[in-house]
Amino acid sequence: MAQESAGAMDLSQPGEVVKPFTPEEAKEIVMSMQKPAVFYNMASDWPALHWNVTYLAKLLTGKRILFRVGMKDTGTAPQFETECSYVEATLEEFLAWSLREPSCSSGPFSGYDSCKYWTYADYKYIAKLFEDNPEQFKDVRWSDFGFPGRDGRESTLWVGSLGANTPCHLDSYGCNLVLQLQGRKRWHLYPPEDSSFLYPTRIPYEESSVFSKVNVVNPDLKLFPQFKKAQAHTVTLNPGQILFVPRHWWHYVESLDPITDTDHEARVEEAITRTLICAIKSADRLSASESWLNPTEIEVTSHETNLQYLNAAMSAYLEYQKINKIEHRVPGTHKTERTFEDSHKRKKVQVNAEESFKLMPYESNLAVIKTKKLEKIPFGQNLFKVLPQSQQTNPTGTTDYKAFLSETEGHFGELHCTGTTSVLNNDSAAFVDLKDPGGIAGSTQAVICTNDLLDCVLNPQVISLMVQLLLERVRLV
């Protein structure tokens, strides 16, 4: 169910996607915020969400792009762009190298072992990439954020492999809106007032950027002792989410995921969904007029049959992981055990196995425009603050629900997380006061029906989490 912004009326037509914020509200929020935040459900109908590396490789067949190549292990030294190698290649060659196909043995990436190196096609202007396909500009709709006529023409595209990163820096002008398309990116953000702790440098020189001398994910505290005073705000950006980076905020960005074959994971998710919906609906007292099974589904399968499907899908997924030796890595950590945060992994578009690649985000630089500030920014389930690590007190990476409920008399909240995607539906309209004919007048009763329960239980994020929890259970057997 689409969520509305506070106080807004749903004037949409049937079938129309209702955004949590109107363009005017979104623009006012962006221009009022002084700290980073993540927008949810603002790009759900953007055609660009269907882009993936394979699609782009076909769309840009023969077009050569400059890739930056860096080493995956550099110790405590930041890997500045001047210290990287550069390779000109097509996206087809990039994919062949990432999949370790024989055809890449003599290609432009032949001198780089994909186990030791990452590659990054960054700062690629969409206007230049798609000059022969200008209709693709319309796949990006920044007009939803209150910038009429703004599409992808002025945005940049980033395509990188597992481990690809941008050294910590600040942009000297403007702010950024970043849409994540495929895979996940880990952002480490630092406020402008921490600049002295980040040891800024203009060498290497770049007109629009100031770099940090510190490798923020593996700092040398003997050489840069003041860095321990810097307050990192960290978040893992998932597909479909949009990150707002305010002006002059430092940021280090790293690609977390290979693009694995998620057909296997999707089959497990579908088996879980089928099992739950059939079990709950079969137990519900359905009215004669309610039709919940789509005509394309022949019958309601039994619980036993659904469990057989689920076990078969799980076995296939585990076998796939074994064959391809997929390793899970905890975002923002180094050589540590896997934690709960990894369980919030979202679907990734299929390419192939272990060292596959992912599409990085759109980035749109927005000029700073003076506007009337909101009295209170409506943080809630569609807009989350990116909090400092010092306030991310829950070691499991889950939401601190008491803190979530504390703001604005329980109607809006904030997310306490370590980069995971945790959502609490805190809509005060979910409960109403009813007159109970047989009880005490004014008593509060829940008015949740079976479909409300299913909407929550079958939420893709919930199902994805269930897959990971079931995998953990199976691995312990």
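**View 1. Strand 8 (residues 185-190) is mostly covered, with 6 of its 6 residues buried.** Buried means under 20% relative accessible area, exposed over 50%, and partly exposed in between (1.4 Å probe, protein chains only). Strands are DSSP runs (E, at least two residues), numbered from the N terminus. The model is predicted: local features need pLDDT of at least 70, side-chain atom pairs count only at pLDDT 80 or more, and totals for chains, interfaces and linings use all residues. Residues are numbered from 1 along each chain as its sequence is written, and side-chain values use heavy atoms, with hydrogens and water left out. Lys185, Trp187 and Leu189 are buried on one side of strand 8, and Arg186, His188 and Tyr190 on the other. In a regular strand the side chains alternate between the two faces of the sheet.

**View 2. Strand 8 pairs with strand 11 (residues 233-237) in the antiparallel sense.** Pairing requires at least two bridges found by DSSP. Here there are 5 bridges. Lys185 has Leu237 of strand 11 as its bridge partner. Strand 13 (residues 250-255) also runs antiparallel to strand 8, joined by 6 bridges. There, His251 stands opposite Leu189.

**View 3. Residues including Leu56, Ala121 and Val159 line the second largest cavity.** A cavity is a set of points, on a 1 Å grid over the protein atoms alone, where a 1.4 Å probe fits but cannot get out; lining residues have an atom within 4 Å of a point. Its volume, the space filled by probe spheres set on the points, is about 50 Å³. Strand 4 (117-125) and strand 5 (156-161) each supply at least two lining residues.

Note on methods: 1 Å grid on protein atoms, 1.4 Å probe; cavity = no way out; pocket = protein on both sides within 12 Å on 5 of 7 lines; lining within 4 Å. Helix = DSSP H or I, 4+ residues; strand = E, 2+ residues; numbered from the N terminus.
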